[in-house]
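Please read the following report with the sequence and the model side by side. It starts from a single residue and its surroundings and then widens to the rest of the chain.

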Amino acid sequence: MERGRAPARTRWVLAVLGVAWGGAVLGGMTALARYSNTAGPLAETPSRLPEASALRAAPGRFLLVMLAHPMCPCTRASLAELEAVMAHAGGRADAHVLFLRPERAEAEWEQGALWQRAAAIPGVTVHKDAGGVEAQRFGATTSGHVVLFDAAGRLRFSGGITGSRGHEGHNAGRAAVEALLREEAGRERHPVYGCALEDAAPLVAGGPTP
C-alpha cells in the first residue's frame with residue numbers, strides 16, 4: 001500500500017510546486033508590467049521660458065530641452081525618441097539635453113554612454129546640469145522629461161516622449177511634440193517614464209527603486 005501511495009504523493013507535491021512556481025512567475029510579470037507603466041511625478045513647469053535659464057533658442061525657432069539622469073537605463077529609450085523627433089523637426093528646433101551632475105560628483109561623472117548617445121543626435125547640444133539647477137527651473141523631477149517652448153518663449157509641451165519605461169516606439173508624447181513643431185495642434189502633457197533625477201545612481205536595468 002505504501003508503495004502505491006508514493007507516486008500519488010509525489011505527483012501531488014509536484015502539482016503544488018508547479019502551481020506555486022506559476023503564481024510566482026505571474027506575480028513577477030505583473031509587478032514588472034506595473035513598474036514599466038508607472039510614471040514619475042509631473043511637477044508644474046513654468047508657462048514661459050525661465051529668465052534665469054542659460055538656454056535660449058535662435059530667433060524664430062523652438063527650444064526643446066530634455067532633462068536626464070546619466071545613469072538611468074530608461075533614458076536610452078527617451079534619447080531614441082528624441083532622435084526620431086529631431087529627424088522630423090525640419091530644423092525648426094534648437095534641442096538641448098541636460099545631464100544631472102550631483103554636487104560632489106567626480107569629474108566627468110555624467111559623461112558616460114548616455115551622454116555620448118545624446119551627443120551623437122544631429123541638432124542636439126549636450127550640457128551638464130550641475131546640482132540639478134536647470135531641472136528645478138523647468139520643474140523636472142524624472143529623467144527623460146522634455147519641455148518645448150515656442151519662438152515667443154511660451155511653453156507648448158511638458159512631459160515624456162516614451163510610452164512606458166525603457167520602451168521605444170511611436171507614442172502620444174512623441175507624436176505631440178512632432179505635431180507642435182509642425183505648428184499643428186498637439187497635447188500639452190504626457191507622463192514621464194524614467195528614473196528620479198535626484199537618485200545618485202539608479203540601481204538596476206529596469207530603473208531605480210520605485
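Leaving aside the neighbours within four places in sequence, Ala 95 is in contact with Leu 64, Met 86, Gly 123, Val 124 and Thr 125, where contact means heavy atoms within 4.5 Å. Ala 95 is found in strand E2, and at 2% relative accessibility this residue counts as buried. Here buried means under 20% relative accessible area, exposed means over 50%, and partly exposed lies in between, with a 1.4 Å probe and protein chains only. The C-alpha atoms of Ala 95 and Val 126 are separated by 8.7 Å, although the two residues are 31 residues apart along the chain.

Before going on, note that this is a predicted model, in which local features need pLDDT of at least 70 and side-chain atom pairs count only at pLDDT 80 or more, while totals for chains, interfaces and linings use all residues. Residues are numbered from 1 along each chain as its sequence is written, and side-chain values use heavy atoms, with hydrogens and water left out.

**The chain as a whole**

The chain has five helices and six strands, and from the N terminus on its elements run α-β-α-β-α-β-α-β-β-α-β. Helices (H or I, at least four residues) and strands (E, at least two) are DSSP runs, numbered from the N terminus. Of the 210 residues in the chain, 43% are buried. Among the contacts with a separation of 6 or more, 76% are accounted for by residues 24 or more positions apart.

**The disulfide**

A disulfide is a covalent bond between the sulfur atoms of two cysteines. In this model the working definition is a pair of cysteine sulfur atoms within 2.5 Å, and the structure holds one disulfide. The bond joins Cys 72 to Cys 195, with 2.3 Å from S to S, and with 80 degrees about the S-S bond the link of Cys 72 and Cys 195 is right-handed. Which parts of the chain does this pair tie together? Cys 72 lies in the loop between strand E1 (62–68) and helix H2 (75–87), while Cys 195 lies in the segment after strand E6 (189–190), so the pair ties together parts that are 123 residues apart in sequence. Both Cys 72 and Cys 195 are buried. Cys 74, by contrast, is in no disulfide, and the nearest cysteine sulfur, that of Cys 72, is 4.0 Å away. Cys 74 also counts as buried, at 3% relative accessibility.

Arg 165 and Cys 195 are 30 residues apart in sequence and 8.8 Å apart in space, C-alpha to C-alpha, and at 10% relative accessibility Arg 165 counts as buried.

**Helices H2 and H5**

Two packed helices are described by the angle between their axes and the distance between the axes. The axes of H2 and helix H5 (residues 172–181) come within 10 Å and cross at roughly 25 degrees; such axes are lines fitted to C-alpha atoms, for helices over the stretch in contact, and angles run from 0 to 180 degrees between N-to-C directions. H2 and H5 are therefore roughly parallel to each other, since angles under 35 degrees count as roughly parallel, over 145 as roughly antiparallel, 65 to 115 as roughly perpendicular and the rest as oblique. The contact is made by Glu 81, Ala 84 and Val 85 of H2 together with Arg 174, Val 177, Glu 178 and Leu 181 of H5.

H5 is mostly covered, with eight of its 10 residues buried, among them Gly 173, Ala 176 and Leu 180. What covers the buried residues of H5 includes E1, H2, strand E2 (93–101), strand E4 (145–149), strand E5 (155–159) and E6.

The table sets out their values.

| Residue | Phi | Relative accessibility |
|---|---|---|
| Arg 104 | near 70 degrees | 79%, exposed |
| Glu 108 | about 60 degrees | 55%, exposed |

Phi is positive in Arg 104, a residue other than glycine, and Glu 108 likewise has a positive phi although it is not a glycine.
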